[in-house]
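My notes follow in the order of looking.

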Amino acid sequence: MADRKTTHEDRPEQTNTGRRRVVAGLGAGLGAAAAAGFMPGRLSAQGNVREAEVLIIGGGIAGASTAFHLAEQGGDVLLLERGEIASEASGVNMGGLGGSGWGHNPNLLSYLTAGSVEIFKRMQIDLGYDIEFRLSGTLTAIHTAAQYEYCQDEVISQRSKGYEEELLSAREALALEPEANAALPGYVYRPQRGQADPVKTTRAFAHAAEVAGATIRTGENVIGITPQSQGGYAVRTESGEFRCQTLVLATGAWCDPVGNMLGLKIPVVPVRGMMWATASMPPSVFQTIGSAESSYAWSSDNGSDDVTPPNLTHKNGRRTIRHLYGRQRKNGEIIFGGDRESLAYDKSINPSGIEVNRGHAAEVIPLVASLPIARTWSGLMPFSLDGAPIIGKIPIRENLFIVSGLSSSGFGRGPMAGKLTADFIRTGQMTTVLEESDPGRCVVDA
Ligand SMILES: Cc1cc2nc3c(=O)[nH]c(=O)nc-3n(C[C@H](O)[C@H](O)[C@H](O)COP(=O)(O)OP(=O)(O)OC[C@H]3O[C@@H](n4cnc5c(N)ncnc54)[C@H](O)[C@@H]3O)c2cc1C
């Protein structure tokens, strides 16, 4: 790592929302209800206590999308974020969007992936936010004959369910991705996957929420939550008190400590992800890039136990498998990452983990072997203990919702997770797809 120039404190640059067109066009896009209800900052105040109908804690993609989708339906929404919008996982992730389309019988995964892709399109194409969205497709490299057989079975099974996946020879893959390794046995191609800029996207949701009438307050660290005898909650931050009828926890990897404030045990474990970037390069990598090594290994042993979520790369301080994801950003940087280690709230960079990941990336895109690492960074992913999202109403408390447990895929799934949460709050009805993510299965009294 002699060529590494900067430290783990580096992050993708924090840009503004990157709106391309003026907000005047937004009212129509947001629908009549939102346009009619457009009243920024309509938070009411009684003495020093500010009130809103729905209060969301957390300004990552999950919270920002929930705020936007509630506000555009006319909801009275307040979002509190202790840092800046997108200052945690939602701002530091790789920017990859998953899924393989809707399939014949869409389940929760189809909604969260394909549904979110539709929302990404809406943000960029209809609402005019430059979020660097592209439906680029994904190439997943196959390294061995055993992985090839596994991928072949998976592709056949997925295609029979109506999902769009293809098994490509290396030659076919090179036609899409000229820098891909021609010596590998093959690649899985998923054309419905895409990419977008994490910071720009998350801030676009927060901005669109504000335009639709939500109040967004950053620098508000929530330190206490008290249920009110007349219903609703009092939420205390370091600077003041807020009240609401309905409370939404969108606190990512911090669901456990925030849940404690309500006397709840929320089984969300922080998992460190690390990434690295080359300097800016001419356009060289066009899809998002992955490797089948990890999914093949996790298909026979996902490594989970009572305290360890499934599908991590490390257990008890030791690497069990390599994992890979990456892409080239619009600014030219080629970025890769993959490690997933449960280390409580430790975000420090492990240089040897970065080197392993770089070696893995070079097996798929040989070009990167010769490119120095320009910077590294890390973040904490909200892994649920059973691996499934936790989205919906917490049945053991009044008017309490959660949108979390989005694990390693929350950037691509967060937009629809937020919309489903908003729809549930607004209608009072849980759609059937949310049965799979019901918090009732795992959120208990502490
Ligand atoms: C390195 C890395 C790479 C990744 N790559 C991808 C990828 O390519 N594709 C993908 O789909 N996903 C990816 N992910 C996962 C994805 O980033 C997360 O699943 C997603 O961002 C989670 O969003 P969130 O809103 O739930 O959490 P967060 O973005 O972490 O937001 C939670 C927010 O709550 C705030 N908060 C917490 N406690 C309090 C409090 N007491 N008071 C006020 N505010 C509070 C935090 O400050 C934070 O901003 C990656 C993650 C990492 C770390």
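Predicted model: local features only at pLDDT ≥ 70, side-chain atom pairs only at ≥ 80, totals over all residues.

Entry 1, strand β15. I looked up which residue of β15 is the bridge partner of Thr138, and found Thr288. Strand β5, residues 138-142, pairs with β15 in the parallel sense, over 4 bridges. I then turned to strand β18, residues 325-328, which runs antiparallel to β15 and is joined to β15 by 2 bridges. There, Tyr325 of β18 stands opposite Gly290.

Are the residues of β15 buried or exposed? I found Thr288, Ile289, Gly290 and Ser291 all buried. Thr288 and Gly290 point one way from the strand, while Ile289 and Ser291 point the other way.

Entry 3, the ligand. I listed 44 residues around the ligand, of which Gly60, Gly252, Gly273, Gly379 and Gly410 come nearest. By class, the shell has 23 polar, 18 nonpolar and 3 charged residues. I asked which element gives the most to the shell, and the answer is α12, with 4 residues. Among the elements that each supply at least two residues are α3 (61-71), β14 (268-280) and β20 (375-384).

Why does the ligand lie between domain 1 and domain 2? Both domains give residues to the shell around the ligand, so I placed the ligand between them. I wrote down the bounds: domain 1 is 2-129 + 198-267 + 386-445, and domain 2 is 138-191 + 269-384.

Conventions. Residues numbered from 1 in each chain as written. Buried ≥ 20, exposed ≤ 12 C-beta atoms within 10 Å, placed from the backbone. Pairing = 2+ DSSP bridges. Near = placed C-beta within 6 Å. Nonpolar A, V, L, I, M, F, W, Y, C, P; charged D, E, K, R; others polar. Domains from an automatic or database assignment.
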